[in-house]
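Work through the exercises below with the structure open. Each task is followed by a stepwise solution.

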Amino acid sequence: MLCVSSHLNQVVKMPCSYSSVVDKILMVEQILSEFRLKKEELREIMKRMQREMGRGLRLETHEEASVKMLPTYVCSTPEGSEVGDFLALDLGGTNFRVMLVKVGADEERSWKVETKTQMYSIPEDAMTGTAEMLFDYIAECMSDFLDKHHIKHKKLPLGFTFSFPVRHEDIDKGILLNWTKGFKASGAEGNNVVGLLRDAIKRRGDFEMDVVAMVNDTVATMISCYYEDRSCEVGMIVGTGCNACYMEEMRTVELVEGEEGRMCVNTEWGAFGDNGELEEFRLEYDIVVDENSINPGQQLYEKLISGKYMGELVRLVLMKLVKEDLLFNREASDLLKTRGSFETRYVSQVESDSGDRKQIYNILSSLGVLPSELDCDIVRMVCESVSTRSAHMCGAGLAGVINLMRERRSQEALKITVGVDGSVYKLHPCFRDRFHKIVRELTPHCEITFIQSEEGSGRGAALISAVACKMAAC
């Protein structure tokens, strides 16, 4: 985050008096100071996350826990001898991907994974209509993909990345607990998602598919990165949503029988705070964002972090500064007053500005505002404050997971790799560095490597399908 003095150095050429510029920036800093979390506050958030994780793992407290800690039934990781062609589906947002994944060995007998991908947009009526409409559309996309690649005659094993809260009953059976991310298709909640997909494929009748595994995007990311680094035991997504999974000791996963080994647990930590654990850390802007969302009171931790809400948080802060006569001569355009107009990509673009303010000026102009240089600097300060809090909040959660893993394993020092995917992590110019720094500060006895996943969701699902097929000898 830029300090006050650096902003002052940039704005001394302003026509208004130096003292009025100083006063204005100091008042803006005071308003933005609420977004800065002290180290002890982050440690407190980390401890509360660990407490809720413990409640989610225990049978007696699972139902009421905000962090559900859902077993995934993924216990084995790819070990290099799985080969074949697999189809992967990836449904986790408004875009849906179909992938053909070829797993085999190259000339040096090392593992090789090749992918062919097609992206499909999900229409609003499929997202908010009925489950039958949604899954019929997915089956239609699959049929189109198989036609294009001339493989409709093959019955391929299918891995399905489904990035919504699911209670798994097996690796290929999971009950949708609730929709998130703007999906509301009726008749899906409480039902087996794999069953809904199989029914849709059967209704079409023009191809056959063997659905062998369904996983969350965090799990797929972890497995995909494990293929590159065998120390990868944590998967995380920071994009439209925010979530994490990790390899937990079986003896602590009370929802599943068995004591030996480890199982991947999908934390569903986006709902952390839904029982009031984050109340004193939520600001007036967070409350407005939550009240205007399609799921008020739910996914509160995610709403402090993810890309779905970051731009709107910035817009609300800008509107407050306008009201306080600290921005745009107290005049906001109709567009800036419109909910959702300040997109999260603008936050990344503002913070990528080289210092000449051209990029910031162009973004604000497109929103109907003609800013001064000082206005541009203040907008940058706001973006930095919101995105830094996001990185630090997210870092406190991951530090909680990693410290818990070290304690569970009774290790003095833990060496671990985290696989990460998601648009905020990949595209924001500063998020990654701020996030890495705070995680490492909060995990002093851990050596952490971060790997950015490439095509993690689909490739990971296919690799899990390969493992499932090998275990079932299919």
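**Exercise 1. A pair within one helix**

Task: How are R380 and E384 separated in helix α13?

Solution: 
- This is a predicted model. Start with the element: helix α13 covers residues 373-408.
- R380 and E384 are 4 residues apart in helix α13, so about one helical turn separates them.
- Now take the side chains. Those of R380 and E384 meet in a salt bridge, at 3.3 Å from N to O.
- The cut-off for such a contact is 4 Å, between a side-chain nitrogen of Lys or Arg and a carboxyl oxygen of Asp or Glu.
- Finally, check burial. R380 is buried, and E384 is buried as well.
- A further set of residues goes beyond a pair: E233, E249, R251, R262 and R409 form one network through salt bridges that share partners.

**Exercise 2. Pairs across the chain**

Solution: 
- Begin with the total: the structure holds 35 salt bridges.
- One of them joins the side chains of R203 and D136, with 2.8 Å from N to O.
- Locate both ends. R203 sits in helix α6 (residues 193-204) and D136 in helix α5 (residues 131-148).
- They are 67 residues apart, and the pair links distant parts of the chain.
- Classify the accessibility. R203 has 42% and therefore counts as partly exposed. D136, at 28%, also counts as partly exposed.

Task: Where do K152 and D206 lie?

Solution: 
- The side chains of K152 and D206 meet in a salt bridge at 2.9 Å, N to O.
- K152 is in the loop between α5 and β5 (157-162), while D206 is in the loop between α6 and β8 (210-215).
- The pair therefore ties together parts that are 54 residues apart in sequence.
- Relative accessibility is 22% for K152, which counts as partly exposed. For D206 the value is 29%, again partly exposed.

**Exercise 3. An enclosed strand**

Task: How many residues of strand β12 are buried?

Solution: 
- Strand β12 spans residues 414-421.
- Apply the cut-off: buried means under 20% relative accessible area.
- Of its 8 residues, 7 are buried, so the rest of the structure largely encloses strand β12.

Task: In which sense, parallel or antiparallel, does β12 pair with β9 and with β13?

Solution: 
- Strand β9 (residues 232-238) pairs with β12 in the parallel sense, over 5 bridges.
- For a landmark, find C232: T417 in β12 stands opposite.
- Strand β13 (residues 446-452) also pairs with β12 in the parallel sense, here over 7 bridges.
- The landmark there is K415, opposite E447 in β13.

Definitions and conventions: Residues are numbered from 1 along each chain as its sequence is written. This is a predicted model: local features need pLDDT of at least 70, side-chain atom pairs count only at pLDDT 80 or more; totals for chains, interfaces and linings use all residues. Side-chain values use heavy atoms; hydrogens and water are left out. Buried means under 20% relative accessible area, exposed over 50%, partly exposed in between (1.4 Å probe, protein chains only). Helices (H or I, at least four residues) and strands (E, at least two) are DSSP runs, numbered from the N terminus. Two strands pair if DSSP finds at least two bridges between them.
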